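Biologist: I would like a close look at the ligand site. Please keep it brisk, and finish with a packed pair of helices.

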Amino acid sequence: MRRFLIAGNWKMHNGPAATRSLLTELNEEVPDIPDSLDALVCPPFVSLEAASEKVRKHFGLFLGAQNLHFEDEGAYTGEVTADMLKEVGCEYVIVGHSERREYFGETDKTVNLKVKKAVSEGIKPIFCVGESLKQRKAGEHVNLVKKQVQVALNEVEASDAEDVVVAYEPLWAIGTGETATPEQAQEMHDMIRGELAELYDEDTSDAIRILYGGSMKPHNAEDLLGQPDVDGGLIGGASLKAESFADIIRIAEELS
Ligand code: PEP
């Protein structure tokens, strides 16, 4: 049994003050993150420092960013480096979220560059893959996601790959309230696990956590997290409320 990772993607919500309040509420809900799992919040860049102060006091909660650049410095207006993220206490970073791919021109190639940069700097990348409804209806989802995984991990060594996290996020389930069924999620996670074994070996594949993302909520978390190849969740909407995020953490604890 792998260790669950319950990750909150706050997207473009919560400035520093709101970040402090939400983490205070989360701390009241879950005074100690259970030893049996990892929990993570990913606030916007400007709130990372505020979150970092809180997270340090909130034993066991990790901090992540929602993006990074693959260069070490330079004329890249609006971007941040891996070093900057480490300086404010980030141990994880989301890479290639579908919203970044759709609105900000991220491609499988840039995802690969970012995954490589993150692992080389000791930050664990959570790279996102997933198909649109159109692609699923056309029966293209398996090959598409397989290719996204292959390209993202190009030139990533097995020893580094163990620190990588994959998030399977069907686009049609993100922020829509529609969720993949546990069977649909398991089918894709099993396929991804198999592809990781092809790229590396069984042990490495088993060590890599594969998260499900797409309207995971307290009412469906048990069924999704109960699937053998679902190792946690990347959670948008439900991570913005302390109570629902805490409920999902508690559900994961019971399943651990
Ligand atoms: C996400 O943004 O990664 C996500 C899964 O969002 P939601 O839980 O709101 O669908």
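Biologist: Which kind of ligand atom lies 3.4 Å from a polar side-chain atom of Asn-9?

Modeller: An oxygen atom of the ligand does. The model is predicted, so local features need pLDDT of at least 70 and side-chain atom pairs need 80 or more, while totals for chains, interfaces and linings use all residues. Residues are numbered from 1 along each chain as its sequence is written, and side-chain values use heavy atoms, without hydrogens or water.

Lys-11 has a side-chain N or O atom 2.7 Å from a ligand oxygen. Gly-236 uses its backbone instead: an N or O atom there lies 2.9 Å from a ligand oxygen. Around the ligand there are 14 residues. Here, "around" means a heavy atom within 4 Å. Lys-11, Glu-169, Gly-175, Ser-215 and Gly-237 come nearest.

Now the helices (DSSP runs of H or I, at least four residues, numbered from the N terminus). H7 spans residues 141–152 and H9 spans residues 182–199. Their axes, lines fitted to C-alpha atoms over the stretch in contact, come within 10 Å and cross at roughly 40°. That makes H7 oblique to H9. Contact means heavy atoms within 4.5 Å. Residues meeting there include Val-145 and Val-149 in H7, with Met-188 and Ile-192 in H9.

Technical notes. A polar contact is a pair of N or O atoms within 3.5 Å; within protein, one must be able to donate a hydrogen and the other to accept it, and residues adjacent in sequence count only if both atoms are side-chain atoms. Axes are lines fitted to C-alpha atoms, for helices over the stretch in contact, and angles run from 0 to 180 degrees between N-to-C directions. Helices (H or I, at least four residues) and strands (E, at least two) are DSSP runs, numbered from the N terminus. Angles under 35 degrees count as roughly parallel, over 145 as roughly antiparallel, 65 to 115 as roughly perpendicular and the rest as oblique.
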